[in-house]
Amino acid sequence: MNYFLTGGTGFIGRFLVDKLLARGGTVHVLVREQSQEKLDQLRERWGADESRVKAVIGDLTSPNLGIDAKTMKSLKGNIDHFFHLAAVYDMGADEKSQQATNIEGTHSAVNAATAMDAGCFHHVSSIAAAGLFKGTFREDMFEEAEKLDHPYLLTKHESEKVVRESCKVPFRIYRPGMVVGHSKTGEMDKVDGPYYFFKMIQKIRHALPQWVPTIGIEGGRLNIVPVDFVVNAMDHIAHLKGEDGNCFHLVDSDPYKVGEILNIFSEAGHAPRMAMRIDSRMFGFVPPFIRQSLKNLPPVKRLTTALLDDMGIPPSVLSFINYPTRFDARETERVLKDTGIEVPRLEGYAAVLWDFWERNLDPDLFKDRTLRGTVEGKVCVITGGTSGIGLATAEKLADAGAILVIGARKKERLMEVAADLEARGGNVHAYQCDFADMDDCDRFVKTVLDNHGHVDVLVNNAGRSIRRSLALSFDRFHDFERTMQLNYFGSVRLIMGFAPAMLERRRGHVVNISSIGVLTNAPRFSAYVASKSALDTFSRCAAAEWSDRNVTFTTINMPLVKTPMIAPTKIYDSVPTLTPDEAAEMVADAIVYRPKRIATRLGIFAQVMQALAPKMGEIVMNTGYRMFPDSPAAAGSRSGEKPKVSSEQVAFAAIMRGIYW
């Protein structure tokens, strides 16, 4: 038995070739000149040499598939079965490519099959050929298809029409449902169909524990079938006698609703399930023109587009959420009766599909999430870059190939650090600046822009912290002025200075080193926390204004870090703290992933407690306030004696790791 395949190296094709080889046949596979290496690799997978799997050089969109006259002559009368699988199976593909491949390619395949005098032409169509038909679509229906507005639906319908009207050799048509990976191995070649929702499920899993119930949609019924069922059914039906001219729906006769499918894959991905699913038909009383008007409102369209982009879902997929078509498959059921070939239930193999996707197809696997990939050749500015968190971050950015700009008050220390970073191979530019001085900030901005043109990443790290009870601050209003001057006004001055170039280039990222104290409302740090809170609020407002111009902000609610800034508070020598290098890792994550906020779980818990039970949070913080005294310096004493730390203080600080006391 001799076979000819278009799309033999594609996803369905590679499984079908395996089945045909098992029958002892010789398989001719259409390949482009540049794709022969791919066929060689597949021969190894199939365990077949060139005598069993023969390459036929050509092109789908050329007349007679671009097969030369000599090869065509050798194939004439020697092909028992011609399988046409090559097509664009992608909802996100452009209309032109779908027209060329699906319609013109089918014309070429039909003409080539006629020239070969093939025994039977097997056309792999799709349930998409029915369009968005409302009701049950039978295997003997074709012209009844409706709502073929989407290019994929239209081209699949038109390509099947080419076969029905132009094919001069006996033919059979197969309409698979939404084909997913192998039910035993999960193997799949691309993200399509239900896979578009996997990233959304994964993000929900990262945000919420599995036991948290969620609210979702119900939607229509999506017909999902694994590739092994499709191939087994095609292989069997193709070799039956007396079935020419028939069409076969390779579908699930009992398909799931969208909400059920999402829950099945949520279970497979260990994500929360939708305990409540809203059926859009509940809103059927709203006139269509009103619903359409709401969808077309600019804010609604922008929000929808942003969410879909974030999830990697093509907008066209939304039109299938309420899929209206059911598929009758009585002809397929007739010919498959007693063969053991049947559609497995999705619950039985969903976990295999999920595992293969997460290991091989998750888009995040193909993104460069390294610090070097993010900052190499980019202008990155760090304030307070000569010690503590700033220095540790500067070292990481210098090693990653950034064009590094560091600023600090003390010139000698600045030059020393710059020399050390250059010795590591860094591209370092050091500019002296007192970031509490607004004129100095303006000079710094001008110098950086004059020398580098723009800034890609600004890390506002320079800061001043004051640990002193309010009862000891009644005559020290300057404490509040000093912290606000550097932590808030200095940072805002830089943001406002660098932002115009960022906005013009539609690219820029600001990382603000804030404090866990903003989340915990740390006592004794009212001056410091207030200044950081002001910067946090400014950044949220700016982010809302510049969101559509790709200028983004990340706030890091940094826990207690062992830096020179906390050195005067000797009690911190006895409590757990982060190292500067650990803190710099948080900054690196902020630069790479650009989240809105980075905070410890304890900090987030404190913020949630403040929202839900503010009095309880206040009592906890007051307990810590009473347990840890002011330092001698804060109380006005010059004593340098290290305070004694009790076991209770150590235990409390360990439980509340990273929180300021």
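Two strands count as paired if DSSP finds at least two bridges between them; strands (E, at least two residues) and helices (H or I, at least four) are DSSP runs numbered from the N terminus. The model is predicted, so that local features need pLDDT of at least 70 and side-chain atom pairs pLDDT 80 or more, while totals for chains, interfaces and linings use all residues. Residues are numbered from 1 along each chain as its sequence is written, and side-chain values use heavy atoms, without hydrogens and water.

**View 1. Parallel pairing of β16 and β17.** Strand β16 (379-383) pairs with β17 (403-408) in the parallel sense over five bridges. I382 has I406 of β17 as its bridge partner.

**View 2. An open sheet of seven strands with parallel pairing.** The strand order is β18-β17-β16-β19-β20-β21-β22. β18 (427-432) and β22 (597-599) are the edge strands, each pairing on one side only.

**View 3. Contact of α14 with α15.** The axes of α14 (388-399) and α15 (411-423) come within 10 Å and cross at roughly 30° (axes are lines fitted to C-alpha atoms, for helices over the stretch in contact; angles run from 0 to 180 degrees between N-to-C directions). L391, A394, E395 and A398 of α14 meet R413, V417 and L421 of α15, where contact means heavy atoms within 4.5 Å.

View 4. α14 touches β16, β17, β20 (508-515) and β21 (551-558), and its direction makes about 165° with that of β16. α15 touches β17 and β18, its direction making about 175° with that of β18.
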